[in-house]
Amino acid sequence: MECIQGTRKMTIDSQQLAALAAAYPYTWLDLGTGDGRFVQHMARTLPRTLLIGVDACRENLRERSRRSTPNTLFAIANALALPAELDGLVQRVSINFPWGSLLEALLEGDAHLLNGLRRVTRPTALLEIRLNGGALLQSELAAEEGAARVRQVLNRAGWRCGAPTYLAAQQLKDTPSSWAQRLAHGPHPWAISLRAVAIEIA
Ligand SMILES: C[S@@+](CC[C@H](N)C(=O)[O-])C[C@H]1O[C@@H](n2cnc3c(N)ncnc32)[C@H](O)[C@@H]1O
């Protein structure tokens, strides 16, 4: 798995990653992590959790990955082809304000994303997704419609997904991601949150 720390590139193999994860009771994967602000904040707040931020774009990650804590890893990868090194390691996944192919994959039930998520997560893992209406509009969907679609996709793919809940401006302000802050201070300060738990598939 290709990881970065500032301008430094490193390859971490399965054994190395398993050893790192074994040093922490909990592993949290943030998909489409953007500039890594969410990961950096959670890693500082939860020093006994290994935080892994994954994004397809390396440029935005350079700054925060340079100043990361030991319980942080930033990987460059496509969420639709999650690195095999992550297999079976993850207890929690967050996807905050996805756009582009990541959002499309959630809406369309893309098997590459969904199989990858099942592959990397442990049984009963938690998945939380925050969706913003603007991104859904680009897919020509009302926010509620988009959230209902993602919920249906998850429920069919081995997750038990609860009803969507609204995040108002204050909840966005309290969410430590750059995109949450941008939304909170923009003209449409709300989003929709979905939480799901992995269930055993018979
Ligand atoms: C709106 S930004 C949100 C960033 C961050 N989660 C936040 O809350 O600030 C969406 C991110 O999803 C990433 N993304 C979109 N499609 C992706 C894919 N297929 N694989 C990995 N990352 C992807 C983009 O590169 C971008 O950084």
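The legends below describe close-up views of a predicted model.

**View 1. Helix α5 and its buried face.**
Helix α5 spans residues 111–120. Its buried residues are Leu113, Leu114, Gly116, Leu117 and Val120. Seen down the axis of α5, these residues fall within an arc of 160°, so they line one face of the helix. His112 and Asn115 are exposed on the other side of α5. The cover over the buried residues of α5 includes the strands β3 (26–31), β6 (90–96), β7 (121–131) and β8 (159–161). Helices α4 (100–108) and α7 (143–156) also belong to that cover.

**View 2. The N-terminal cap of α5.**
Asp110 caps the N-terminal end of α5. A side-chain oxygen of Asp110 lies 2.7 Å from the backbone nitrogen of His112. His112 itself is exposed.

A polar backbone atom of Gly32 is 2.7 Å from a nitrogen atom of the ligand. In the side chain of Ser101, an N or O atom is 2.8 Å from a ligand nitrogen. A polar backbone atom of Leu102 is 3.4 Å from a nitrogen atom of the ligand. On its own, the ligand has 600 Å² of accessible area, and the protein covers 92% of it.

The largest nonpolar core holds 50 residues. Leu29, Leu31, Leu113, Leu127, Ile129 and Leu154 touch the most other members. Leaving aside neighbours within four places in sequence, Leu31 is in contact with Val54, Ala79, Leu82 and Leu102, among others. Its contacts also include Ser94, Ile95 and Asn96. From α5, Leu113 and Leu117 touch Leu31 as well, and both are among the buried residues of that helix. A second, separate core has 10 residues, including Ile4, Ala43, Leu51 and Phe74. In soluble globular proteins, nonpolar side chains tend to be buried together.

Helix α2 runs through residues 37–45. Phe38, Val39, Gln40, Met42 and Ala43 are buried in it. Ala43 also belongs to the second core. The buried residues of α2 pack against the strands β3, β4 (49–55), β5 (72–76), β6 and β7. They also pack against helix α3 (62–66).

**View 3. Asn96 in strand β6.**
Asn96 is found in strand β6. Its relative accessibility is 8%, under the 20% limit, so Asn96 counts as buried. The side chains of Asn96 and Arg130 are joined by a polar contact of 2.6 Å. Neighbours within four places in sequence aside, Asn96 is in contact with Asp30, Leu31, Gly32, Phe38 and Arg130.

**View 4. Two residues with positive phi.**
Most residues other than glycine have a negative phi. Phe97 has a positive value, near 55°. Phe97 lies in the loop between β6 and α4. At 6% relative accessibility, Phe97 counts as buried. Thr124 also has a positive phi, near 65°. Thr124 is found in strand β7. Thr124 is exposed, with a relative accessible area of 59%.

**View 5. Gln181 in helix α9.**
Gln181 lies in helix α9, residues 178–184. At 15% relative accessibility, Gln181 counts as buried. A polar atom of the Gln181 side chain lies 3.1 Å from the backbone oxygen of Lys173. Not counting residues up to four places away in sequence, Gln181 touches Arg37, Leu172, Lys173 and Thr175.

**View 6. Leu20 in helix α1.**
Leu20 lies in helix α1, residues 14–22. Leu20 is partly exposed, with a relative accessible area of 25%. Not counting residues up to four places away in sequence, Leu20 touches Leu50 and Leu73. Gly146 is 126 residues from Leu20 along the chain, and the C-alpha atoms of the two are separated by 37 Å.

Conventions:
Residues numbered from 1 in each chain as written. Predicted model: local features only at pLDDT ≥ 70, side-chain atom pairs only at ≥ 80, totals over all residues. Heavy atoms only, no water. Buried < 20%, exposed > 50% of the residue type's maximum accessible area, 1.4 Å probe, protein only. Helix = DSSP H or I, 4+ residues; strand = E, 2+ residues; numbered from the N terminus. Arc of directions from axis to C-beta. Contact = heavy atoms within 4.5 Å. Polar contact = N/O pair within 3.5 Å; in protein donor to acceptor, adjacent residues only side chain to side chain. Areas by Shrake-Rupley, 256 points an atom, 1.4 Å probe, with all protein chains shown as cover. Core = buried A, V, L, I, M, F, W, Y, C linked by side-chain atoms within 4.5 Å.
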